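Have a look at the picture before reading on.

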Amino acid sequence: LEAIDGRKDFRAFFNAGGLSDSFNALPVYYFHSRGKPAIVVQHGDHGLAHTAITVYSECGHDGYCFSWGNAFSAMYDSRKKGSCSIIPTGSYLIENIRRKRRPRKRIEKICYVQDVFRVNTAYYPDGQSCCDSEIFLLEAEFLKALIPYQDRYEITFKMFPAWSKYNELFGYNPMIKWVRKHLPSARLVSAPLSSIINDFDCFIIDWPSTTLIQSCATAAEVLVYNGSKYRVLDKKVVELLGHRAIIGDSESDFRAKITKVLESGAVTSNVDDTSFLEWCGIYKDDGQCLQRLVGAVDAVLQRATGRYSGRFV
């Protein structure tokens, strides 16, 4: 870094994908030691529910964090381990999903979004012991609610992209065999959700994560489970989410709500309510997320160097 910086004279360090990997600490430390700003962009669902590592990664430094919305600063301004300035800009990727959304009134295509079992790690779920077999059985119970509707709807089981085959970190996906046996007509898909997200009329999400924010940016019906002891949504998030999505507070409640939606076949949520999306994903529903991010970078550079470029390349 020192050798490259000597040739290039970098003005700042910019990381558009968060700081979840430990090797990212090196450039952050280096740029701070040279009096150059470090800028980190929120890379996922931080702000929905407290994740302990976030206080060290996204905002555990003395630079800047560009967040997707005020949910991030509300959760981490008092918890952060550095003096990091949190600046809301919104996510251009989430905004782009909203821009391309396709309104619909009837449900024909359903996407069940699976998360990934990770046993016991510092990131997910915060180092506490998470029983994968418990989550597997819970997921199977929710999927059972879809069995009577296989002939009525086109059902897609959306897997975590790295979990369609054997993965050295995650192992084998145990739900593949279950789905093939009990939902034989369902499609198994591992493509990134953002690449197929506007193909569906209804999303069923058993673990509220980044996929929840993405799904709420569409015009589809969204059902989400918020009864897990491993993932507890922030109260304000639940309040705002309730304007846009159908929330199941317990196993029986979530399964009953899945059945009710599939029986009616209609999109009943207020898909035009953006309060949750603005709080957690796009900051403002004005189509200006990318411009805000570019402007924020320029403001940081001006503050650090006294020069204003008018644009950031």
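## A lysine and its partner

Lys 80 is partly exposed, with a relative accessible area of 23%; that label covers values between buried (under 20%) and exposed (over 50%), using a 1.4 Å probe and protein chains only. Its side chain meets that of Asp 77 in a salt bridge, 3.0 Å from N to O. Asp 77 is also partly exposed, at 42%. To count as a salt bridge, a side-chain nitrogen of Lys or Arg must lie within 4 Å of a carboxyl oxygen of Asp or Glu. Why can such pairs form? Side chains of opposite charge can pair when their charged atoms come close.

## Where the numbers come from

This is a predicted model, in which local features need pLDDT of at least 70 and side-chain atom pairs count only at pLDDT 80 or more, while totals for chains, interfaces and linings use all residues. Residues are numbered from 1 along each chain as its sequence is written, and side-chain values use heavy atoms, leaving out hydrogens and water.

How many salt bridges does a search of the whole structure find? The total is 15. One of them links the side chains of Lys 257 and Asp 253, at 3.2 Å from N to O. These two sit four residues apart in helix H10 (residues 251–264), so about one helical turn separates them. Helices here are DSSP runs (H or I, at least four residues) and strands are too (E, at least two), numbered from the N terminus. Lys 257 is partly exposed at 26%, and so is Asp 253 at 22%.

Is Arg 292 buried or exposed? Arg 292 is buried, with a relative accessible area of 19%, whereas Asp 286 is partly exposed at 37%. Elsewhere, salt bridges with shared partners tie Asp 5, Asp 9 and Lys 36 into one network.

## A strand covered on both sides

Now find strand S8 (residues 202–205). Cys 202 and Ile 204 on one side are buried, and so are Phe 203 and Ile 205 on the other, which leaves both faces covered. In a regular strand the side chains alternate between the two faces of the sheet.

S8 runs parallel to strand S5 (residues 109–113), joined by four bridges; strands pair if DSSP finds at least two bridges between them. Tyr 112 has Ile 204 as its bridge partner in S8. Four bridges also join S8 to the parallel strand S9 (residues 221–225), where Val 222 partners Phe 203.
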